[in-house]
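Hi everyone, and thanks for coming along. Please have a look at the structure on the screen, and then I'll walk you through it piece by piece.

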Amino acid sequence: MTDDSTPSRPVTARSWLREHSELGVCVLLLVLGVLVLTDALTMSVDITQRGPVGPRTVPVVVGVGLLAVAVLLAVDVLRGGRGEAEGGEDVDLGEPADRRTVALLTGVFLAFAVLIGPLGFPVSGALLFWGSAYALGSRHLDRDPLVAAGLSLLTYFVFDSLLGVPLPGGPLMGVL
């Protein structure tokens, strides 16, 4: 018995893991950090690309950062730190998940992945942006497709022309 006359429960492995469930995030961050570092350190680098800041620099920094955050979070959790409850969210945890919205968004993303090759980024990106807006509740059927097309074209031009990252143009390749 404890001082407040409530019976204490025996600590089992399952109850300990439930109390320290944030350690799962630590493990995920640790695995991601190891994967990023492994990929960065086994990357083949041409002799002309070597220098103080090469293609390995950012992945190594990100990998080390992931490992550091994993270790610091694990130490905090083991010392009794807890994540803050859903106080700042305007979410009713008693309500079921909105499966329709999740299904619509999943369908939109899968359609984008399938259509980007044959249709190119401008058309499939516009469908992605419009479909996402529709799935999330926007019902402006006159405005949303125009905004989605403009956003898709802007994204295409920024990546293709300004950043030099080629995106598939699809049938519009000659037009754009």
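Let me start with one glycine: G65 counts as partly exposed, because its relative accessibility is 29%, and the cut-offs are under 20% relative accessible area for buried, over 50% for exposed, and partly exposed in between, with a 1.4 Å probe and protein chains only. G65 lies in helix α3, which covers residues 57-78. Helices here are DSSP runs of H or I with at least four residues, strands are runs of E with at least two, and both are numbered from the N terminus. From G65 to L30 there are 35 residues in sequence, and 9.9 Å in space, C-alpha to C-alpha.

Before I go on, a word on what we are looking at. This is a predicted model, where local features need pLDDT of at least 70, side-chain atom pairs count only at pLDDT 80 or more, and totals for chains, interfaces and linings use all residues. Residues are numbered from 1 along each chain as its sequence is written, and side-chain values use heavy atoms, with hydrogens and water left out.

How confident is the predictor? pLDDT is its confidence in each residue, from 0 to 100. The mean for the protein is 84, and 81% of its residues reach 70 or more. Confidence is lowest in helix α1, residues 13-19, with a mean of 69, and highest in α4, with 94.

Now the overall layout. The protein has five helices and zero strands, so if you read along the sequence you get α-α-α-α-α, with the helices defined as I said. Of its 176 residues, 20% count as buried. The accessible surface comes to about 12,900 Å², and 67% of that belongs to carbon and sulfur atoms; these areas come from the Shrake-Rupley method with a 1.4 Å probe, and for residues only the protein chains shown count as cover.

Back to helix α3 for a moment. V64 and V36 are 28 residues apart in sequence, yet 8.8 Å apart in space, C-alpha to C-alpha. In the loop between α2 (23-41) and α3 we find T42. T42 counts as exposed because its relative accessibility is 58%. Its C-alpha atom and that of R56, 14 residues along the chain, are separated by 9.3 Å.

Next, the inside. Which residues make up the largest nonpolar core? There are six: V108, F112, F121, L128, Y156 and L167. The largest share of this core, four residues, comes from helix α4, residues 99-135. By nonpolar core I mean a set of buried Ala, Val, Leu, Ile, Met, Phe, Trp, Tyr and Cys residues joined through side-chain atoms within 4.5 Å. In soluble globular proteins, nonpolar side chains tend to be buried together.

Let's zoom in on F112. Leaving aside neighbours within four places in sequence, F112 is in contact with F121, S124, G125 and L128, where contact means heavy atoms within 4.5 Å. F112 counts as buried because its relative accessibility is 18%, and F121 is buried because its relative accessible area is 9%.

What about the aromatic rings? Rings of Phe, Tyr and Trp (its six-membered ring) pair if their centres lie within 6.5 Å; planes under 30 degrees apart count as stacked, over 60 as edge-to-face and the rest as tilted. By this rule the count comes to three aromatic pairs. One of them, F112 and F121, is edge-to-face, at 6.0 Å centre to centre and 85° between the planes. Another edge-to-face pair is Y156 and F157, at 5.8 Å centre to centre and 70° between the planes. Y156 counts as buried because its relative accessibility is 2%, whereas F157 counts as partly exposed at 36%.

One last stop, T101. This residue is in helix α4. Is T101 buried or exposed? T101 is buried, because its relative accessible area is 15%. Not counting residues up to four places away in sequence, T101 touches A135 and L136.

Technical notes
pLDDT = per-residue confidence, 0-100.
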